[in-house]
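Here's a quick briefing for anyone opening this structure for the first time. Take a look at it, then read on for a pocket and a few helix pairs.

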Amino acid sequence: DNARPVEYAAIFVLTTGLCAAFLHALAWSGYASIPILRGIGWVLVAMAPFEIRRWRLAPAREVLREHFNEASWTERLGLAISLVIIIALFCAVFGPATDTDSLEYHLGVPLDWLRHAGAYARPDWFHARLAGLGEAINMLGLAMGTDNLGAVFQAAGLIVALIGVTAFATTRSARIFGMLCVAACPVIITLITAQKWQMFPAAGLTIALILLVDRARRFDYRTALLVFGCAAFAAGCKYSFLLSSGVVVLCG
């Protein structure tokens with residue numbers, strides 16, 4: 001109950017990684033059929049209302065109200081721009097996949113797995129070798145009838161990144177400036193609207209680094225689980241994260 005937002009964000013990343021690993025193992029074992037995946041999906045959907053009731057939105061509303069009431073006009077403008085961009089990005093992720101990478105293998109490989117009730121070697125398809133844990137989440141979305149579940153998680157990664165970047169902000173203006181640095185970055189819209197798992201793992205590594213810095217002198221087993229779990233999830237999503245994940249693991 002006393003966990004900080006950074007810890008909640010790390011737990012969210014770790015939980016997503018565990019779900020993705022389970023779905024990935026299900027695919028490689030040959031049990032990734034549509035009925036099984038739909039059953040898993042509906043169980044997760046049924047759990048959602050109970051989890052939403054546990055969210056504490058009142059503190060977040062109080063923080064926003066305090067920021068608007070006590071902030072200067074410049075700070076209010078920066079906060080308003082950040083919120084508008086974030087809401088617009090969340091609306092954009094509900095559109096269909098249109099980029100080449102998503103259609104070619106980020107969705108193509110999971111669709112091929114569904115057609116064969118599991119993953120199998122495709123030496124004739126070079127990009128099939130690039131599928132990772134994130135594609136298992138995309139496979140669940142396809143089984144449930146949607147092609148943008150991966151993009152929804154990338155949008156969630158935006159919130160995780162915002163929590164990480166603003167974790168060490170000591171003033172209101174620094175916190176708002178950090179939000180603008182993340183939300184207004186031009187490349188964010190490409191990362192969020194695609195089914196490519198880059199934004200979410202990168203945000204997870206950011207949270208892992210924040211925990212390393214924050215708990216350098218009291219690095220307990222709980223912190224180690226969150227840090228190494230986020231790093232492992234990022235490395236399992238894409239080969240390009242092996243370098244950055246290795247740095248996090250080495251620091252840990």
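## The second largest pocket

The second largest pocket holds about 150 Å³ of space. Keep in mind that this is a predicted model, where local features need pLDDT of at least 70 and side-chain atom pairs count only at pLDDT 80 or more, while totals for chains, interfaces and linings use all residues. Residues are numbered from 1 along each chain as its sequence is written, and side-chain values use heavy atoms, with hydrogens and water left out.

**What lines the pocket**

- A pocket here is an open set of points on a 1 Å grid over the protein atoms alone, where a 1.4 Å probe fits, with protein on both sides within 12 Å along at least five of seven lines. Its volume is the space filled by probe spheres set on the points.
- The lining (residues with an atom within 4 Å of a point) consists of H24, W28, V109, D112, W113, Y120, A121, R122, W125, A128, R129 and A131.
- Two elements give two or more residues to that lining: α1 (5-28) and α6 (108-115). Helices are DSSP runs (H or I, at least four residues), numbered from the N terminus.
- The most comes from α6, with 3 residues.
- By class, the lining has 8 nonpolar, 1 polar and 3 charged residues. Ala, Val, Leu, Ile, Met, Phe, Trp, Tyr, Cys and Pro count as nonpolar, Asp, Glu, Lys and Arg as charged, and the others, Gly among them, as polar.

**α1 with α8**

- The axes of α1 and helix α8 (residues 149-165) come within 9 Å and cross at roughly 150 degrees. That makes the two roughly antiparallel (over 145 degrees, on a scale from 0 to 180 between N-to-C directions).
- α1 passes α8 in a left-handed crossing, with the near helix turned anticlockwise from the far one by less than a right angle.
- On the α1 side, P5, V6, A9, F12, V13 and T16 meet F153, A156, V160 and I163 of α8; contact means heavy atoms within 4.5 Å. This contact has 9 nonpolar, 1 polar and no charged residues.

**α12 and its partners**

- Helix α11 (residues 199-214) and helix α12 (residues 221-237) have axes that come within 9 Å and cross at roughly 155 degrees, so α11 is roughly antiparallel to α12.
- α11 also passes α12 in a left-handed crossing. Among the residues making the contact are F200, L205 and L212 of α11 and L226, F233 and C237 of α12.
- Helix α7 (residues 133-144) and α12 have axes that come within 6 Å and cross at roughly 75 degrees. They are therefore roughly perpendicular to each other (65 to 115 degrees).
- L133, G134 and E135 in α7 meet F233, G236 and C237 in α12.

Notes. Angles under 35 degrees count as roughly parallel, over 145 as roughly antiparallel, 65 to 115 as roughly perpendicular and the rest as oblique.
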